[in-house]
Amino acid sequence: MKDIIIDKLTITQKNINKTKISKSNASTSQWWGPYNIFKPLHHINLTRFNYIIEHSNGLFGKKVLDVGCGGGILSESMAQAGAQVIGLDISTSALEAAKLHALNQNLNIHYIQETIKYHALNHIDYYDVITCMEVLEHVPDPISIVHACSTMIKIDGSVFFSTLNRTFKSWLLVIIGAEYFLRLIQKGTHNFNKFITPSELLEWIDSTTLEEQNITGLYYNPFTKKCALIHNIDTNYILHTQRK
């Protein structure tokens, strides 16, 4: 039993960015409500959700894992669509906010505080759909996240990744524009060196049982608060993969 506990702690601690957890813990009371600091995530949520619905052929009755679920913005949308949702995160207060809001909305979502690598040990070939939205650019070892997702998805199941391309445009819009100029995002949220090019992500995908199905850009206008899918993938992009 002692060895199991030690092993769990080792797996749990390896791929955690403690700085990101601290910032998340400091602001989770503002995940929901008219003045929350995660408003941009709420604005882009419907666009991402519709993309997931379209490319997964619906979510009703499916087992879905939301990796890095945070306060549960996407998790709730998928649960409302009839999915059996498990939300995974390592932030205690973010999960508390998610659980409380889901309870108030009468939604049955199972939130777990656990790393994806440890979760994967007990969920091989388990999920119909896995979402990993805006997570890869925030963890020390993003490749391990991709590999863990590939082991938990069923054959013909869909895994969705959303992240930021490492380009001058993304640095200008996301870090300079959103963080420092418009202050839409907390300063220091993003590290440009952690941004991931589509070719890098696809190379990681090729090392797993996943296969690329579709890739598209995501455009968000902070002034109109509108979000749309576009062909240009030089800033934010979504990748749909399937296990074959």
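Of the 244 residues of the chain, 52% count as buried, a class defined by a relative accessible area under 20%, with exposed residues over 50% and partly exposed ones in between (1.4 Å probe, protein chains only). The model is predicted: local features require a pLDDT of at least 70 and side-chain atom pairs a pLDDT of 80 or more, whereas totals for chains, interfaces and linings use all residues. Residues are numbered from 1 along each chain as its sequence is written, and side-chain values use heavy atoms, with hydrogens and water left out.

The chain contains nine helices and eight strands; these are DSSP runs numbered from the N terminus (helices H or I, at least four residues; strands E, at least two). The average pLDDT, the predictor's confidence in each residue on a scale from 0 to 100, is 86 for the chain, and 86% of the residues score at least 70. The pLDDT is below 50 over residues 1-13, a stretch with eight contacts in the model beyond near neighbours in sequence, where contact means heavy atoms within 4.5 Å. Residues 18-28 also have a pLDDT below 50, with 25 contacts beyond near neighbours. Among contacts in the chain between residues at least 6 apart in sequence, 70% join residues at least 24 apart.

Helix H4 (residues 73-80) is mostly covered, seven of its eight residues being buried, namely Ile73, Leu74, Ser75, Glu76, Ser77, Met78 and Ala79. The elements covering these residues include helices H3 (39-55) and H5 (92-104), together with strands E1 (63-67), E2 (84-89), E3 (110-113) and E4 (127-133). Within H4, Ser75 counts as buried because its relative accessibility is 0%. Beyond neighbours within four places in sequence, Ser75 is in contact with Asp66, Cys69, Val85, Gly87, Ile109 and Tyr111. The C-alpha atoms of Ser75 and Leu65, residues 10 apart in sequence, lie 8.5 Å apart. Just after H4, Gly82 adopts a positive phi of about 95°.

H3 and H4 pack at an angle of about 40°, with their axes 10 Å apart; axes are lines fitted to C-alpha atoms, for helices over the stretch in contact, and angles run from 0 to 180 degrees between N-to-C directions. The two helices are therefore oblique to each other, since angles under 35 degrees count as roughly parallel, over 145 as roughly antiparallel, 65 to 115 as roughly perpendicular and the rest as oblique. On the H3 side, Leu41, His42, Asn45, Phe49 and Ile52 meet Ile73, Leu74, Ser77 and Met78 of H4.
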